Amino acid sequence: MDSKMLQSKHFESDELSQMPEQENGQNGDEQIAAEIIGRRFCPSLITTRPWERFHFIGHEIEITEATDSYGAVVWTSALVLCHFLETNVTSYSMVDKNVIEIGAGTGLVSIVASFLGAHVTATDLPDMLGNLQYNVFRNTKMRCKHQPQVKELFWGLDLEKTFPRSLCQFDYILAADVVYHHPYLDELLLTFDHLCQDNTVILWAMQFRQEKENRFVDRVQNLFDLEVISDFPSLNITLFKAERRRNVKWSPVTAS
């Protein structure tokens with residue numbers, strides 16, 4: 001079985017059961033964390049179509065989800081990243097910027113970036129694209145400055161063919177909860193490296209669940225200048241800003 005099939009098969013597994021409960025300790029961030037969580041409005045009635053509604057940038061965004069794949073669920077890290085984009089429009093302006101989201105899932109982050117004026121490309125695995133495209137187009141058609149695109153992306157595979165460096169120059173790479181219990185961290189890092197130009201900024205929200213994720217952060221710092229720009233201990237979520245280090249070449253993550 002090749003790597004594309006393995007990625008698709010793995011991301012269809014029942015990882016929903018691994019979602020941790022939120023902590024409610026005295027971490028000082030509960031108020032803003034509650035405000036972020038409050039952007040989510042769940043339906044009061046049970047319907048045949050699982051969906052949730054979110055409020056960002058003055059828009060109500062309705063997201064259709066799926067229960068059979070954890071890539072088709074809106075995770076809290078996506079809300080953190082959306083909130084950051086909304087509240088930092090001066091420092092991190094999306095207007096007319098070329099933006100790509102990797103592991104876009106349901107498309108919420110891409111939709112918010114589109115509302116903020118970006119040229120957005122939302123990417124994920126083939127099995128995710130139908131729902132992703134539905135959510136993105138349903139919420140953004142005739143409502144944003146630039147109509148976002150939806151494209152297939154297998155991490156680490158055929159990158160120069162699908163996203164040639166000479167043509168794909170992104171100002172921002174957005175990623176929410178792309179580091180979790182899967183064996184494709186090496187491919188993820190290679191994808192970051194390929195898509196990132198010297199002036200590209202990566203905005204990456206991550207919920208910490210396992211020690212493996214801490215080691216991945218350490219590995220990222222070998223290639224990128226990494227800065228914590230927002231932290232929510234009560235949610236176990238950290239938002240990173242990363243920029244390429246000059247004259248550093250990518251090499252595979254050492255197995256452990």
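Residues 24 or more positions apart account for 70% of the contacts in the protein chain with a separation of 6 or more, where contact means heavy atoms within 4.5 Å. This is a predicted model, in which local features need pLDDT of at least 70, side-chain atom pairs count only at pLDDT 80 or more, and totals for chains, interfaces and linings use all residues. Residues are numbered from 1 along each chain as its sequence is written, and side-chain values use heavy atoms, with hydrogens and water left out.

Let's start with the whole chain. Its secondary structure comes to eight helices and ten strands; helices (H or I, at least four residues) and strands (E, at least two) are DSSP runs, numbered from the N terminus. Of the 256 residues, 50% count as buried, meaning under 20% relative accessible area with a 1.4 Å probe, protein chains only (exposed is over 50%, partly exposed in between). The accessible surface comes to about 12200 Å², and 50% of that belongs to carbon and sulfur atoms; the areas come from the Shrake-Rupley method with a 1.4 Å probe.

Now to the sheet. Seven strands form an open sheet with mixed pairing, in the order S6-S5-S4-S7-S8-S10-S9; two strands pair if DSSP finds at least two bridges between them. Strand S6 (149-152) and strand S9 (224-232) stand at the edges, each with a single partner strand, so one side of each has no neighbour in the sheet. From one strand to the next, the twist averages 20°, with axes taken as lines fitted to C-alpha atoms (for helices over the stretch in contact) and angles running from 0 to 180 degrees between N-to-C directions.

| Residue | Stands opposite |
|---|---|
| Asn 98 | His 119 in S5 |
| Val 99 | Val 120 in S5 |
| Thr 121 | Gln 149 in S6 |

Strand S4 (residues 98-102) and strand S5 (residues 119-124) run parallel and are joined by four bridges. S5 and S6 also run parallel, with four bridges between them. S5 is mostly covered, with five of its six residues buried.

The chain crosses from S4 through H4 to S5 in a right-handed β-α-β crossover; right-handed means that, with the strands pointing away from the viewer, the path from the first strand over the helix to the second runs clockwise. From S5 the chain goes through helix H5 (residues 126-140) to S6, and this β-α-β crossover is right-handed too. Helix H4 (residues 108-115) is itself mostly covered, with eight of its eight residues buried. Gly 117, which follows H4, has a positive phi, near 100°.

What about the nonpolar interior? A nonpolar core is a set of buried Ala, Val, Leu, Ile, Met, Phe, Trp, Tyr and Cys residues joined through side-chain atoms within 4.5 Å. The largest has 43 residues, of which Leu 81, Leu 108, Leu 174 and Leu 203 touch the most other members. Helix H3 (residues 76-87) gives the largest share of this core, seven residues. A second, separate core of 30 residues includes Leu 159, Ala 175, Tyr 180 and Phe 216.

Phe 216 lies in helix H8 (residues 211-223) and counts as buried because its relative accessibility is 2%. Not counting residues up to four places away in sequence, Phe 216 touches Val 179, Leu 185, Leu 188, Leu 189 and Trp 204. Phe 216 and Asp 186 are 30 residues apart in sequence, and their C-alpha atoms are 9.0 Å apart in space.
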